[in-house]
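Biologist: I am new to this structure, and I would like to know what stands behind the words used for it. Could you take me through them?

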Amino acid sequence: MRRWPCGSPGTWACSRTARQFQTGAHKTLASKPTPRIERISPAAAIPGGEIAIHGAGFGSTNHSRPLVRFGDTQAEILIAGDNQLVACVPEGPSSGLVRVSTPAGESEPFAMQLGVQIAENLHPVASPAVDSEGNIYVTYSGQRGQKVPVSLYKVTANYEVKPYVTDLLNPSGLALDRAGNLYVSCRNDGTIHRVAPDGRSQLWVEGMGIATGLAFDAEQNLFVGDRSGTIFKINPDRQIFVYATLEPSIAAYHLAFSPAGELYVAAPTTSSFDHIARINHHGEVSLFYRGLGRPQGLSFDRASNLYVAASKGGHRGIVRITPEGQADVVLSGTGLVGLALLPSRRVVLTTTDALFSLDWDVEGLPLAR
């Protein structure tokens, strides 16, 4: 079959074909729906976390990929499909309003909760502590045996970062009593130190093995997790009891009391199927939940849901476990090691090197006062 070049006697046919092609392209573009976001999961994240955007009209047009923006900041798309996009939350997004754009148009903004970094160059290994005035306490733990210039920082309610304690070696777990004293475990030498509100610290007890997680019960007994396999109970008179024994952890024990007064313990191992233990008032240990990867910091809300810094199904972040044992990743983020849920519906998050704050529709337990 002979093909006429453009500009030859077949020019009219060539032009007609071109017009048909262009018209078809416009029809194809017009037939593509405007992107629409229906939901985002998880609905909260910190920079670096992965979120799934569910909706419609995300398919590529003319070989172009959709764009995802948080405010004015563009995000990296990891997986793209017609009805779902997986994106990585960018650093420093201008807002939590998410939009998806394609050549067919731009979606309506969809709001999600984003954490804001309030401190960096830290080394937390567990959850932060927050006092009744909104001051946040966080560690620079360092490698085992490493003496660092500042071992504890105090972040005020206005997010001003101040050196707080300088003479502790490998501070790990933190807990506040009702008088505002901060208790600090030091995993290097098995000691517990008490820090007064003015920052003066003193040795409180010693001989706690590899002391890690701390938590107070309603009677102001302090519980200490020795990661070699013991949960100690220390009463207000500093009498020490062995409360329960567990399997050793390669990293730490993380402790939290439920509203019902039962002690919950996370003990990360190298497994991707770790468990959360529950210890009743008599020191009897039972399995609460199994199926987490490297579970660390713990915190309860007012409805008795447990929140854990862990991974589930390959997704890292904060996992919520209901009293009935239903678990879901509700906040996405990498490097998370702990959290503190506040009654003001705010959460303070620690990663391996930073501190984040996020307004969240989760009401934490009352703070010690």
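This is a predicted model: local features need pLDDT of at least 70, side-chain atom pairs count only at pLDDT 80 or more; totals for chains, interfaces and linings use all residues.

Biologist: What makes β25 and β26 a pair?

Modeller: A strand is a DSSP run of E with at least two residues, numbered from the N terminus. Two strands pair if DSSP finds at least two bridges between them. Strands β25 (residues 263–266) and β26 (residues 274–279) have 4 bridges and run antiparallel, so they count as a pair by that rule. Among the residues involved, A266 has I276 as its bridge partner in β26, and Y264 stands opposite R278.

Biologist: How do you know that β26 also pairs with β27?

Modeller: The two are joined by 6 bridges, again in the antiparallel sense. R278 stands opposite S286 in β27. Their hairpin has 5 residues between the strands, and G283 there takes a positive phi near 80°.

Biologist: Why are β24 and β27 called edge strands?

Modeller: The open sheet has 4 strands in the order β24-β25-β26-β27, with antiparallel pairing. β24 (254–257) and β27 (285–292) each have a single partner strand, so one side of each has no neighbour in the sheet. From one strand to the next, the twist averages 20°, with axes taken as lines fitted to C-alpha atoms and angles running from 0 to 180 degrees between N-to-C directions.

Biologist: Why is S271 called partly exposed?

Modeller: Buried means under 20% relative accessible area and exposed over 50%, with partly exposed in between (1.4 Å probe, protein chains only). S271 has 32%, so it counts as partly exposed. S271 lies in the loop between β25 and β26.

Biologist: What is S271 in contact with, leaving aside its neighbours within four places in sequence?

Modeller: Contact means heavy atoms within 4.5 Å, and S271 is in contact with L292, G293 and R294. S271 and R294 are 23 residues apart in sequence, yet 7.3 Å apart in space, C-alpha to C-alpha.

Biologist: What makes something a pocket here?

Modeller: On a 1 Å grid over the protein atoms alone, a pocket is an open set of points where a 1.4 Å probe fits, with protein on both sides within 12 Å along at least five of seven lines; lining residues have an atom within 4 Å of a point. The largest pocket has a volume of about 1200 Å³. Of its 45 lining residues, A215, F216, A256, F257 and L365 are the closest to the centre. Elements giving two or more residues to that lining include β16, β20 (211–216) and β24.

Biologist: How large is the second largest pocket, and what lies closest to its centre?

Modeller: Its volume is about 390 Å³. Among its 21 lining residues, H123, V125, R187, A251 and R294 are the closest to the centre. β16 and β20 each give two or more residues to this lining.

Definitions and conventions
Residues are numbered from 1 along each chain as its sequence is written. Side-chain values use heavy atoms; hydrogens and water are left out. Grid points are joined across faces, edges and corners, and a volume is the space filled by probe spheres set on the points.
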